[in-house]
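Morning, everyone. I'll take the sheet, then the salt bridges, then a pocket. Please have the model up on your screens.

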Amino acid sequence: MNRREYRAQMDAVPFSPDFQDRTMARLEELAQKKEKNGMKKWNLRTGLVAAAVAAALTVTAGAAVMMLQPQDVAQQAGNEALAAAFESGEAVMSNETKTVGDYSVTLMGLISGEGLSRVENLPGGVTQDKTYAVLAYARTDGTAIEEDVPDLTVSPLVEGYAPWQLNAWTLGGGTHTFAQEGTLYYLFECDNVEVFADHTVYLAVYPGTHTPPSAELFDFEEKTGAITPKGDTALFTLPLDPSKADPQKAQALADWDRPQPAESQEPTEDLGDEAESKSVSILEDPDHPGEYQIIEN
């Protein structure tokens, strides 16, 4: 039985109005019987256990409303191959939570490189030269998130490289988001950051709507390569295997002259099956020497 079937079945379980009262009464009855048998020193513990059991039974149906797992998020995004990758055991599960402004942000898990090799031929589209991360947002005041996307930006950063040199835009970032049961799920992809595994690699979450990292948001110490946020920012240190580092590929990514993003320009959208891959060629116009045509392939 998968998580969704379990949740549906648990939500369908009927509980009578007097369920909690009857459960407490029965547990108290059992506790009194033990007390008569000379076990008075266990009174407090028995009472606490009874209350805990009753509470657990009472909220069983509510417990079915739980956070999705990374594979569920990938499946919801329409990427069956990525869902299979997260279920393969190759993914790194983090479940680390930090607070940014009015939101609790949880880095649920990530998968990169060789961990994707078993599923890269499945429908959905994943390749070994990518990193995929799943995050979950919840409001700190408990208010449910419906359709609105929090005013936050997600971007990888690598110590030793200026944040405005390596980030979600220069590393080909892409996103897919959706809200479910009060939580916003954020699926993020970019070029494989394992090649930088001999450095400290972060996934930064900071205020702003699709705001590229800048000197106004981060300090960068050129001598040490240290990156320090200037404001309310969460830095999740990614648990990467240093043996996966590839300095040559890392330098190639750092030197690739991608166009720098404008303020509020969003990384590429959508990671699902329906995403279209487009490429363009720039060719000299044969009829007008010195002029060029842009042709979409």
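Start with strand S4. Seven of its seven residues are buried, so S4 is largely enclosed by the rest of the structure. Buried here means under 20% relative accessible area; exposed is over 50%, and partly exposed lies in between, with a 1.4 Å probe and protein chains only. Strands are DSSP runs of E, at least two residues, and helices are runs of H or I, at least four residues, numbered from the N terminus.

Before going on, the ground rules. This is a predicted model, where local features need pLDDT of at least 70 and side-chain atom pairs count only at pLDDT 80 or more, while totals for chains, interfaces and linings use all residues. Residues are numbered from 1 along each chain as its sequence is written, and side-chain values use heavy atoms, with hydrogens and water left out.

Back to S4. Which way do its side chains point? Leu 152, Val 154, Pro 156 and Val 158 go one way, Thr 153, Ser 155 and Leu 157 go the other, and all are buried.

Now the sheet. Its order is S4-S7-S10, three strands, open and antiparallel. S4 (152–158) and S10 (234–237) are the edges; each has a single partner strand, so one side of each lacks a neighbour in the sheet. From one strand to the next, the twist averages 20 degrees. That uses axes fitted as lines to C-alpha atoms, for helices over the stretch in contact, with angles from 0 to 180 degrees between N-to-C directions.

How many bridges join S4 and S7? Seven, in the antiparallel sense. Two strands count as paired if DSSP finds at least two bridges between them. Ser 155 sits opposite Ala 204 in S7.

**Salt bridges**

Next, charges. The whole structure has five salt bridges. The criterion is a side-chain nitrogen of Lys or Arg within 4 Å of a carboxyl oxygen of Asp or Glu.

Look at Lys 130. Glu 189 bridges to Lys 130 with the closest N and O atoms 3.8 Å apart. This pair links distant parts of the chain: Glu 189 is in strand S6 (residues 183–191), Lys 130 in strand S3 (residues 130–139), 59 residues apart. Asp 191 also bridges to Lys 130, at 3.6 Å between the closest N and O atoms. Asp 191 is in S6 and Lys 130 in S3, so this contact ties together parts 61 residues apart in sequence.

Buried or exposed? Lys 130 is buried at 17%, Glu 189 is buried at 15%, and Asp 191 is buried at 9%.

Another pair is Glu 194 with Lys 244, closest N and O atoms 3.9 Å apart. Glu 194 is in the loop between S6 and S7, and Lys 244 in the loop between S10 and helix H7 (247–255), so the bridge ties together parts 50 residues apart in sequence. Glu 194 is buried at 11%; Lys 244 is partly exposed at 31%.

**A charged lining**

Last stop. By class, the second largest pocket is lined by two nonpolar, two polar and seven charged residues. Charged covers Asp, Glu, Lys and Arg; nonpolar covers Ala, Val, Leu, Ile, Met, Phe, Trp, Tyr, Cys and Pro; the others, Gly among them, are polar. That's the tour.
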